[in-house]
Amino acid sequence: MAADATGVIHDLGYQPYTGPRFGRAAVVRTLTGYSLRSAFGLGRGARAKIVPVGVFVLMCLPAVINAFLVARGGTRAFPYDTYSYLVRVVGMTIFLAAQAPELVSRDLRHRVLPLYFARPLRPADYPLAKLVALITAGLIVLDVPLLLLYVSTIVGVHGPGAVWHETVLLLPGLAYGLLWSVVLATIALALASFSGRRAIAAGAVAGFFFLTWVLSEVLGTVATGPGHAVTSSTAAHVAGLVSPFTLLDGVRLALGGTQPGQVPDPGAGWGSGYALLLVVLVAASVAALVTRYRKVGAA
Amino acid sequence: MFNPTIASITLRAALGRRRALLYAIPPLILIGVSAILRLTSPADPAWPARILGTFGFSVVLPLTALIIGTSVLGAEVDDGSVVHLLATPVPRRVIVATKFAVATAVTIVFAAVPELLAGLVAGQGRLALGLLAGALVAAVIYNALFVCLSTATSRALVAGLAYVVIWEGVLANLVGGARILSISHYGLAVATAVAPGQALKAGVGLTAAGVLGAVVTAGTLAAAVRRLGSFTLRGDTA
């Protein structure tokens, strides 16, 4: 084709590739898969695996403890909906602070984004592929321990009725894990995408999650007075609005969660308020992400 | 033991490019929450000690010190420009001492002074002074630790974060024994000594806090100097 084109300055006679090429879908698929691998440090050195694997082991600890207790004839030690709230909060804070910058900040830092967008990729594809990868990674960290908990429990119960009972309890727990993963990963990725320096991005993510969580907890204590159980008061409900973790906990209680949580049961009114705020947070984060990558090349 | 040139460059790098705004968010939250609680007067009369002690000392102070302390030296290690600094005839101990001094000063501005202001906003002058004293001490110890950490590993922020969240944030407030080795509680011990009778819940005595704090500060700074003395620059972590 180059032979009969006029105005060609250089034609060294090389054969160009004229066969079929992978399109946009394949690029997005590959990017998602590769990002998911890098969220766990797979395909990279041992030092990159310390944090994700360490957090995963930490999250599995309650399930392992449960396996021991059930094997000794006990009943299930951790609920499927809250699992272990403290372990989850600490685990997800560290996991997202370490791995969200890993997905986005390195590309900004090394200025390789123009290379991605030289492929048939639309501006929104890149952040959304990264987001899907981080949500999936979060889901693995949150829900695989739940499945371990389930398996270690059903080996100790007798009869199909008991197994079915456990399964019915497990399914909302898995869905709740997905909700955690979507909310937290979206916020974390949006925060991380604003800095090309991994340390600054990690600090911003960790600062947001950890600071709001402890603030909400302290405000809850202050609102109800010392030594009291968490009671339903307007101040305690407002304290629950501060952190994504307490919002998630409040939504769980409003949806019929039975375990007492960090916040008092918000009921239908406050519960829908919590849910609305979560939706707003996620939507704002996705919008921020997509806007961030409309103009590429800036570090 | 102090090099003004290094200090000014470090200060500019730490506060430049709108980063000062980022550091200002946590102290503003601290002061804002104190103001709101002052106006609404909640059920718990000991709320200033709870907000400023628990939230201030186990979150705002360590997080600020973590981000600043690991970046004064860590940022230069990260982009490789530390070789220019190490190639100058400035002794390593002067480099560490200067970086540490700048980090401590910035932490005091963004975390210790806000404790004083928030205490005054809460209407408790004595407590405010105690918190300032405690925060000054904690800022010194935290920064020594984090400067040391940034010479030891290129992932100092994540390592320090795990320490701050797991040890200072959760264990030190749940498990009594962990308080003996918690820098926040050294700060709270000093604060309690200045402002006794408040619900600050320091887990260690003043003497123990002083001795252990001095040991940690001296030990980590010495380790940082040693570590920088035989420094090898690696590429970006694989």
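The model is a predicted one, in which local features need pLDDT of at least 70 and side-chain atom pairs count only at pLDDT 80 or more, whereas totals for chains, interfaces and linings use all residues. Residues are numbered from 1 along each chain as its sequence is written, while chains are lettered from A and ligands numbered from 1 in the order in which they are written.

Chain A contains ten helices and zero strands, where helices (H or I, at least four residues) and strands (E, at least two) are DSSP runs numbered from the N terminus. The C-alpha trace of chain A extends over about 85 × 45 × 35 Å along its principal axes. Helix H5 of chain A (residues 125–154) has 30 residues, which at 1.5 Å a residue should span 44 Å, and the 41 Å between its end C-alpha atoms agrees with this; the expected span is 1.5 Å times one less than the number of residues. A bend of about 25° occurs in H5(A) at Ile140(A), the bend being the angle between axes fitted to the seven residues ending at a residue and the seven starting there.

Helix H1 of chain A (residues 24–39) crosses H5(A) at roughly 40°, and their axes come within 8 Å; axes are lines fitted to C-alpha atoms, for helices over the stretch in contact, and angles run from 0 to 180 degrees between N-to-C directions. H1(A) and H5(A) are therefore oblique to each other, given that angles under 35 degrees count as roughly parallel, over 145 as roughly antiparallel, 65 to 115 as roughly perpendicular and the rest as oblique. The crossing of H1(A) over H5(A) is right-handed, a term used if the near helix is turned clockwise from the far one by less than a right angle. Residues of H1(A) in this contact include Val28(A), Leu31(A) and Leu36(A), which face a set in H5(A) that includes Ala129(A), Val132(A) and Ala133(A), contact requiring C-beta atoms, placed from the backbone, to lie within 7 Å. By class, the contact of H1(A) with H5(A) comprises ten nonpolar, three polar and three charged residues; Ala, Val, Leu, Ile, Met, Phe, Trp, Tyr, Cys and Pro count as nonpolar, Asp, Glu, Lys and Arg as charged, and the others, Gly among them, as polar.

In chain B, helix H3 (residues 47–79) and helix H6 (residues 125–152) pack at an angle of about 30° with their axes 8 Å apart, and are therefore roughly parallel. Their contact has 20 nonpolar, seven polar and no charged residues. H6(B) also meets helix H8 of chain B (residues 183–194), the axes coming within 7 Å and crossing at roughly 155°, which makes H6(B) roughly antiparallel to H8(B). H6(B) passes H8(B) in a right-handed crossing, and the residues of this contact divide into 15 nonpolar, five polar and no charged.

Between the chains, 31 residues of chain B are in contact with 28 residues of chain A. On the side of chain B that touches chain A, two or more residues come from each of helix H2 (19–40), H3 and helix H7 (156–174) of chain B, with H3(B) giving the most, 13 residues. This side of chain B has 21 nonpolar, seven polar and three charged residues.

Conventions:
Contact = placed C-beta atoms within 7 Å.
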